Amino acid sequence: GGSDQLAHYESAKSADADEARRLHILEAIRNERIELLYEPMVTLTGVVGERYEITPRVTVGDGELLPPGEFLPQVTQEGLALRFDRWLLSAGLDVLKAKLDAGQPVLLFIHQTLFGLAKEEWIDWVKDQINERDLVRLRPVLQFEIAEADQRMELAIKRARQLNRLGIRVCLNGIDFSERSMRVRHAVPSAYVRISRRVIHGPDADSIAWLIQSI
């Protein structure tokens, strides 16, 4: 009937719009239409000094800024994770270099996907990037997602150990009360952990003190 045809038409129109948006996002990433936000990080252990997390935003259309959750899945699906992660880490190291030269050292947390650092030469590339900018005295902290680390545990452990040898610490993102979190936290050498937003805003918020104590 007519309503079925209308529903089919609306569904096709929606699929076309989704595809157009996907292509706009990929075009923006390939052309590096990316803005970096620096968000202060709150510590629960009284660590001294300024700490910021770099959060990339992709600019699409007429200036709409997309958060990572809306474009990172496509970055991975399209095989652009390696390129995007290297761009993000390079940009972060440039900021660290500028801060160091200005006598304003900060602790900078930079997200990396484990899909992006799977290639064996990745660690040598990181070492070269550090040396090029003479950042021996000011290293970044690299953030890995708990869910990704659990899927690729061997790689996460290996990279964390290699980074530690370069003086680069690791932060595990997304700690919660799950067995998966415990497993990753015990296996992957990390200097920092980040509690999941779901825990902070969820019904078990009262148990956060216990979680911090256990960490």
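Predicted model: local features only at pLDDT ≥ 70, side-chain atom pairs only at ≥ 80, totals over all residues.

**Ground rules.** I number residues from 1 along each chain as its sequence is written, and side-chain values use heavy atoms, with hydrogens and water left out.

**Overall.** Of its 215 residues, 42% count as buried, where buried is under 20% relative accessible area, exposed is over 50% and partly exposed is in between (1.4 Å probe, protein chains only).

**Cavity.** Rolling a probe the size of a water molecule over the atoms shows where empty space is left. I searched the whole structure and found 1 cavity of 30 Å³ or more. A cavity here is a set of points on a 1 Å grid, over the protein atoms alone, where a 1.4 Å probe fits but cannot get out; lining residues have an atom within 4 Å of a point. The largest cavity holds about 50 Å³ of space, a volume being the space filled by probe spheres set on the points, which are joined across faces, edges and corners.

Which residues line the largest cavity? I listed Ile29, Glu32, Ile34, Leu80, Arg83, Phe84 and Trp87. By class, this lining has 5 nonpolar, no polar and 2 charged residues. Helix 3 (residues 81-101) gives the most to it, with 3 residues.

**Positive phi.** Most residues other than glycine have a negative phi. Glutamate 32, one of the lining residues, has a phi near 55°. This residue lies in the loop between helix 1 (2-30) and strand 1 (34-40), and counts as partly exposed because its relative accessibility is 41%. Aspartate 134 also has a positive phi, near 55°; I found it in the loop between helix 4 (122-132) and strand 5 (141-145).

**Aspartate 176.** Is this residue buried or exposed? Aspartate 176 counts as buried because its relative accessibility is 12%. I placed it in the loop between strand 6 (169-175) and helix 7 (179-187). Its side chain makes a polar contact with the side chain of serine 178 (2.6 Å), and another with that of serine 181 (2.9 Å). A polar contact is a pair of N or O atoms within 3.5 Å; within protein, one must be able to donate a hydrogen and the other to accept it, and residues adjacent in sequence count only if both atoms are side-chain atoms.

Definitions and conventions. 1 Å grid on protein atoms, 1.4 Å probe; cavity = no way out; pocket = protein on both sides within 12 Å on 5 of 7 lines; lining within 4 Å. Helix = DSSP H or I, 4+ residues; strand = E, 2+ residues; numbered from the N terminus. Nonpolar A, V, L, I, M, F, W, Y, C, P; charged D, E, K, R; others polar.
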